[in-house]
Amino acid sequence: MGIVVLTMKASVIEMFLVLLVTGIQSNEEMTKKMKRPKFTVPQISCDVRAGKITNVEFIVKCPPGCQDPRYHVYGTDVYASYSSVCGAAVHSGVLDNSGGKILVRKVAGQSGYKGSYSNGVRSLSLPRWRESFVVSEGKPQKGVTYPSSLTYSSSKSPAAKAGETARADQSPSGPETAAQPITVTQVPGTTAVEATHTTLPKPSPSADSTASGLQPQPAGQRSKDLGEPALWKPESVLLDAGFVPKEELSTQSLEPASQGDPSCKVDLSFLIDGSSSIGKRRFRIQKQFLTDIAQTLDIGPAGPLMGVVQYGDNPATQFNLKTHMNSQDVKAAIEKISQRGGLSNAGRAISFVTKNFFSKFNGNRGGAPNVAVVMVDGWPTDKVEEASRFARESGINIFFITIEGASENEKQYVLEPNFANKAVCRTNGFYSLTVQNWFSLHKTVQPLVKRVCDTDRLACSKTCLNSADIGFVIDGSSSVGTSNFRTVLQFVANLSREFEISDTDTRIGAMQYTYEQRLEFGFDEYSTKSDVLSAIKRVGYWSGGTSTGAAINYALEQLFKKSKPNKRKLMILITDGRSYDDIRIPAMLAHHKGVITYAIGVAWAAQDELDIIATHPARDHAFFVDEFDNLYKVVPKVIQNICTEFNSQPRN
């Protein structure tokens, strides 16, 4: 009986073991059959910058075509997080222009980034930036979990910006906005913290040095503010297009407005630096400086008018000249300005102001000098020379305020050495102010106001088109004939139309000569373009001989003797034949008196006489056409040479 019991127990145990093994094997087979979750590599576009992604380490897929120069890259091997992720991958050689997967890892900011040309991509130099990244082949590392979706520092992901109809959830707990730790440069006195996309109340000044920004910021000599965040607002997309919210455009006060200080009648534009490098504290100091300027100036329609353009990557008008007509309203508008972030593209801002700001539509008054004050933190990240030359030639007086300029060991990162002197109206020190640190900026309020209001010294208000007394010396001899004489008058009118004519701008006078001379009208007779054109049309044909030498002497006595001392004197002589008298001595006398002479010959005019009459070099001041009907072809060349000569004057 005992043997039977033992046998039964053994059978039960054996069956239990068989069932157990069978169950384990079945479970393993089911596990194998279960579909494992697959890692999805997120795709980004070529223009996505590393600083916009808050993940510390991630794998992404880049599309083809990221070798395009419009996707900017900063640095070599180690890249500033302001760079295009995919552009940096092509520059480094990890990808070619066909795209593919890459591994991106955030690292600490560098003390400077050297530009180079590699794999068809030109990377640029940049001052110190608070965050960097490196790229490698898109192979996952063992033991590392990579995100299938990226976290962006703005309220919309690039996919949403590309056209998703649903807005990204901005809740801090949402998967698209949950913040990840980022690596930042540690600086004494600052604390690196994790960035979150949470709407916070306005921080107190004491919190400025401990809050880490959503956007990486350049530094250079600005290390004390590296911990400050850039203020990125939902409206930043509109700002990039050059617009500002409506509520910032008008803060008109109900108080009676002052008419302004008539002794300081200038149209004034401030180009303020809103780049990421500046930080919140210094941006507030800059705004306070503008407020102090507005308070010092008695702004009004009969005095100075003031507008503000803020620049970062791109410029945007905060308010123009006609938006606010008193100092109180200007101060209120300045307070509402929020920081744009980005680079310090001052050259692009100067071009924007030249083309857009000083227009009649935006409140430009024409008779008031145009002044642009450019404020830059450290140094610009683009070139200013060409944009500034065009601004000066357009009559804009450029002032430059450089705050905390490059130290000796930082000058290697400055894109355009001596940028201030290349930009300002004159290089005599009047238009440049250098401030050692932002806390000393307030000391420049009075010196700057004094300079911009000194309208007699605003030399760049004078342009080739608004600063001359132009005397036309017209051949009325018998060989010209009535019909051709009308063609000559049309030529005189066409030239006159190109100039800005008024009592204070360019003035026009005219005389006619044969054997004798006759003053048709002097410089002080007509002060509008329409009146001048009407006077030209009324000139009657005289007929007679051709005494060009006597005509030049008469012009010097009757026209140019009454020219204003601060005006350029231009004589434009039109003749169709050889002179009956000597022209050498009168021509030399005109040159000696500083009269710039253009000689226009038609038909039977003698080229050797034209060359003698014309100011040296004759090739730029003497012109010949074979018939009167071709005179119109000379107009653009004469205007071009007048302006080229004017703009070639030294700026010291």
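Start by selecting the bonded cysteines: numbered in sequence order along the protein chain, they pair as 1-3, 2-4, 5-7, 6-8, 9-10. With a disulfide taken as a pair of cysteine sulfur atoms within 2.5 Å, the count is five disulfides. A word on the ground rules: this is a predicted model, in which local features need pLDDT of at least 70 and side-chain atom pairs count only at pLDDT 80 or more, while totals for chains, interfaces and linings use all residues. Residues are numbered from 1 along each chain as its sequence is written, and side-chain values use heavy atoms, with hydrogens and water left out.

**Stop one: cysteine 264 and cysteine 453**

Cysteine 264 sits in the loop between α4 (236–240) and β10 (267–273), and cysteine 453 in the loop between α10 (445–452) and β16 (468–475), so the pair ties together parts 189 residues apart in sequence. Helices here are DSSP runs of H or I with at least four residues, strands are runs of E with at least two, and both are numbered from the N terminus. Both cysteine 264 and cysteine 453 are buried; buried means under 20% relative accessible area, exposed over 50%, and partly exposed in between, using a 1.4 Å probe and protein chains only.

**Stop two: cysteine 425 and cysteine 460**

Next, select this pair, whose sulfur atoms are 2.0 Å apart in a disulfide. The link of cysteine 425 and cysteine 460 is right-handed, with 105° about the S-S bond. Cysteine 425 lies in the loop between α9 (419–423) and β15 (432–435) and cysteine 460 in the loop between α10 and β16, so parts 35 residues apart in sequence are tied together. Cysteine 425 counts as buried at 0% relative accessibility, and cysteine 460 is buried at 4%.

**Stop three: cysteine 464 and cysteine 643**

How is the link of cysteine 464 and cysteine 643 turned, left-handed or right-handed? It is right-handed, with 75° about the S-S bond. Cysteine 464 lies in the loop between α10 and β16 and cysteine 643 in helix α17 (residues 635–647), so this pair ties together parts 179 residues apart in sequence.

**Stop four: two helices**

Now colour α11 (residues 482–497) and α12 (residues 529–537): their axes come within 9 Å and cross at roughly 170°. Therefore α11 is roughly antiparallel to α12. To see the contact, show Arg486, Leu489, Val492, Ala493, Ser496 and Arg497 of α11 with Lys529, Leu533, Ile536 and Lys537 of α12. Contact means heavy atoms within 4.5 Å.

**Stop five: the cores**

Finally, select Phe270, Phe289, Met306, Phe400, Ile401 and Leu448, which touch the most other members of the largest nonpolar core, a set of 69 residues. Focus on phenylalanine 400: beyond its neighbours within four places in sequence, its contacts include Ile350, Val374, Phe419 and Leu433. Another core, of 40 residues, lies apart from the largest one and includes Phe491, Phe499, Val532 and Ile642. A nonpolar core is a set of buried Ala, Val, Leu, Ile, Met, Phe, Trp, Tyr and Cys residues joined through side-chain atoms within 4.5 Å.

Terms used:
Axes fitted to C-alpha atoms, helices over the stretch in contact; angles between N-to-C directions. Parallel < 35°, antiparallel > 145°, perpendicular 65-115°, else oblique.
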